[in-house]
Amino acid sequence: MKSSFTPNTKEILSLWGYTLLLSILLPFVFLHFCFQYVTKKPTSPGARIQRFGVKLRTAETGGLLFHCVSVGEVVAAANVINAIRRHQPSIPMTITTTTATGAKQVTSLFKDTVTHCYLPLDLPWMMSHLLKQAAPAHVIITEVELWPNMIDQCWRKGIPVSVINARMTSNSMRSYEKISALFSPMLHKLYKICAQGDRDFKNYQQLHTPEQTLLLTNNIKFEQTVHPEAHQLASEFAQMFNLVDRAIVVAGSSHAPEEAVLLEAHKTVLQQYPKTLLIIVPRHPQRFDEVYQICQSSGLRCMRSSDQNPCDEDTQVLLVDEMGKLQALYALATIAFVGGSIADRGGHNALEPAAFEVPILMGPHRYNNPAICQVLSDGGALFEVNNPQQVSHNVLQWLDDDASRTRAGQAGKQVLQENSGALSATLEALGFS
């Protein structure tokens, strides 16, 4: 399915220059990996040697290869993967990620029903080796990360490449315009780009994406899939940690300085509702020890979930220092704070708590998924907070008024129901309808 596109001399030289630069940096990247591995950094498990094109693991040939950067992209791709498998249960699936947290999410969601490997660095011989070994019928990239050599090697081998739930912020668009000689050829080598919203569709248009390639399918994250075992896992977690009949504020995917903000707010909440429990789930596992120290320094009584000791009535904060628990914790939550939003990280997935009818707090930085957050906000499911005072004010209002809290939670679930349809549009674009 190779397109008839022919790159010009400037575009060819740009790709060569990009490849040369990566080749020069390769020894330094390898030394960095070795240092992290020797010092046992949690972000560099041994399997990440696959990023250098060795010891790759792929499913049987002729299947699908999904590339997902990290956790959020894996969650979005899961909706598509599960839908495809309902129609073609035996189709081989390989999922590549670039982060250890993404790899853990693959294992958490799919166990051993898919094959995971780390995506090699974007050098032509490494990408060619991956594609030769996997021989996929289709490569599907989730949201972002358009790698020039990956796409070029697929194009040369006649392997269609599609981008689903494609995100293109205005800042990214301006950056790509500055390197158009490198970026523009990729757009002509793609099979389909399924934009997740009007902003993304228009920005791809601004980059002169071929008309037949670009589609507005909307955001498949609105098709939020609740893991079948989420409620059961939530019940088991509540029993293990003695959380039954407690009001619970879950801070999901937190970054610095969000933990400090939430802990300060929690002190105010405890003055009126002393049995309220704050559960903190940091975004990155390498911060678990750091966050525990922050919790202890706050003066609040804190426990770690990895210790597997039940909370007593005096426990005020529970740090979940384990991966793969967040969805079950949202099922337990009375109120949720979605991280990466007071910290300037663009905000993480607010639809996860919405799926469990949990009212949502977020900071002002929500540019990763602005359409989703705006719809949730307009519907009365999501409220903005910037500091400890605003967090405690909203939490106390919802704890004071059960009816108001229930309405906010139900509004989130209604948003999900009203914005369904993106999954079927994406599957149709990929040829799996």
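This is a predicted model: local features need pLDDT of at least 70, side-chain atom pairs count only at pLDDT 80 or more; totals for chains, interfaces and linings use all residues.

Trainee: Good. In what order do the seven strands of the open sheet come?

Mentor: The order is E10-E11-E9-E8-E12-E13-E14, and the pairing is parallel. Strand E10 (302–304) and strand E14 (382–384) stand at the edges with a single partner strand each, so one side of each has no neighbour in the sheet. On average, neighbouring strands are turned by 20° against each other, ignoring direction.

Trainee: And which helix packs on that sheet?

Mentor: Helix H10 (residues 258–272) does, and it touches strand E8 (248–254), E9, E11 and strand E12 (335–338). The direction of H10 makes about 180° with that of E9.

Trainee: You mentioned E9 and E11. How many bridges pair them?

Mentor: Three bridges, in the parallel sense, between strand E9 (residues 277–282) and strand E11 (residues 317–319).

Trainee: What about E12: are its faces covered or uncovered?

Mentor: Both are covered. Ile 335 and Phe 337 are buried on one side, and Ala 336 and Val 338 are buried on the other.

Trainee: Which strands is E12 joined to?

Mentor: E8 is joined to E12 by four bridges, and E12 is joined to strand E13 (residues 360–362) by two. Both pairs run parallel.

Trainee: Changing topic: what kind of peptide bond joins Ala 256 and Pro 257?

Mentor: A cis one, with omega of about 5°. Pro 257 sits in the loop between E8 and H10. As background, most peptide bonds are trans, and most residues other than glycine have a negative phi.

Trainee: Speaking of phi, which residues other than glycine have a positive one?

Mentor: Among them are Asn 218, with phi near 75°, and Gln 308, at about 60°. Asn 218 is in the loop between strand E7 (214–216) and helix H9 (230–240), and Gln 308 is in the loop between E10 and E11.

Trainee: Got it. How many residues of H7 are buried?

Mentor: Seven of its ten. They are Ala 181, Leu 182, Phe 183, Pro 185, Met 186, Leu 187 and Lys 189. Their cover includes helix H1 (9–38), helix H5 (148–157), helix H6 (170–178), E6 and helix H8 (198–206).

Trainee: Where is Tyr 191?

Mentor: Tyr 191 is in the loop between helix H7 (180–189) and strand E6 (192–195). Tyr 191 is partly exposed, at 28% relative accessible area. Its C-alpha atom is separated by 9.5 Å from that of Trp 155, which is 36 residues away along the chain.

Trainee: Last one: which residues make the nonpolar surface patch of about 370 Å²?

Mentor: Leu 21, Leu 25, Phe 28 and Val 29 make that patch. Leu 21 lies in helix H1. In general, an α-helix has 3.6 residues a turn, so residues three or four places apart point the same way.

How values were computed
Residues are numbered from 1 along each chain as its sequence is written. Side-chain values use heavy atoms; hydrogens and water are left out. Buried means under 20% relative accessible area, exposed over 50%, partly exposed in between (1.4 Å probe, protein chains only). Contact means heavy atoms within 4.5 Å. Two strands pair if DSSP finds at least two bridges between them. Axes are lines fitted to C-alpha atoms, for helices over the stretch in contact, and angles run from 0 to 180 degrees between N-to-C directions. Patches are made of residues with over 30% relative accessible area and no salt bridge: like charges are joined within 9 Å, nonpolar side chains (Val, Leu, Ile, Met, Phe, Trp, Tyr) within 5 Å. Accessible areas come from the Shrake-Rupley method with a 1.4 Å probe; for residues, only the protein chains shown count as cover. A salt bridge is a side-chain nitrogen of Lys or Arg within 4 Å of a carboxyl oxygen of Asp or Glu.
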